[in-house]
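Colleague: Please take one part of this model and go through it closely, then say how the rest of the chain relates to that part. Plain terms will do, with cut-offs where you use them.

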Amino acid sequence: FGLVGKSLSLFGFQQQLSIFIGILMLLILFLPVKIFNKYNFSKPVFKIISKIKSSLGKELKKKTPDTFLTVGILNGFLPCGLVYMAIMGAVAGGSVWQGSLYM
């Protein structure tokens, strides 16, 4: 994630991405409930999350050395505000080493 942050910073794309995501969050906040319920985005998201959870469960049952790496990678895709905050902090670090240390 630090490498991603470094490339975003190099291209000067990080500021535009932050503005776009902020506008998107405001649009989602102010959309009427009828419009939001008409386009149900939760079903595909829940399918993806269930696949990640089942993969995570299978990996936790294994007792191999690479289990912790796989579990750590899969954990980054689970919907948790603290995980996403840590990912964004690692991206903001701007280098591979700072991102690794932050995570």
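Modeller: Tyr 102 lies in helix α7, which covers residues 96–102; helices (H or I, at least four residues) and strands (E, at least two) are DSSP runs, numbered from the N terminus. This is a predicted model, in which local features need pLDDT of at least 70 and side-chain atom pairs count only at pLDDT 80 or more, while totals for chains, interfaces and linings use all residues. Residues are numbered from 1 along each chain as its sequence is written, and side-chain values use heavy atoms, with hydrogens and water left out.

Tyr 102 counts as partly exposed because its relative accessible area is 44%, given that buried means under 20%, exposed over 50% and partly exposed in between (1.4 Å probe, protein chains only). Together with Phe 1, Leu 82, Met 85 and Met 103, Tyr 102 forms a nonpolar surface patch with about 590 Å² of accessible area. Such patches take residues with over 30% relative accessible area and no salt bridge, joining like charges within 9 Å and nonpolar side chains (Val, Leu, Ile, Met, Phe, Trp, Tyr) within 5 Å. A salt bridge here is a side-chain nitrogen of Lys or Arg within 4 Å of a carboxyl oxygen of Asp or Glu. Areas come from the Shrake-Rupley method with a 1.4 Å probe, and for residues only the protein chains shown count as cover.

Leu 101 is also in α7 and is exposed, at a relative accessible area of 76%. The C-alpha atoms of Leu 101 and Gly 2 are 9.4 Å apart, although 99 residues separate them along the chain.

Helix α6 spans residues 81–93; its 13 residues reach 18 Å from first C-alpha to last, close to the expected 18 Å, which is 1.5 Å times one less than the number of residues. The buried residues in α6 include Val 83, Ala 86, Ile 87 and Ala 90. An α-helix has 3.6 residues a turn, so residues three or four places apart point the same way. After α6 comes Gly 94, with a positive phi near 85 degrees.

The largest nonpolar core consists of Ile 52, Leu 56, Val 71, Leu 74 and Leu 78. To this core, α4 (42–61) and α5 (67–75) each give at least two residues. A core is a set of buried Ala, Val, Leu, Ile, Met, Phe, Trp, Tyr and Cys residues joined through side-chain atoms within 4.5 Å.

Overall, the protein has seven helices and zero strands, and 18% of its 103 residues are buried.
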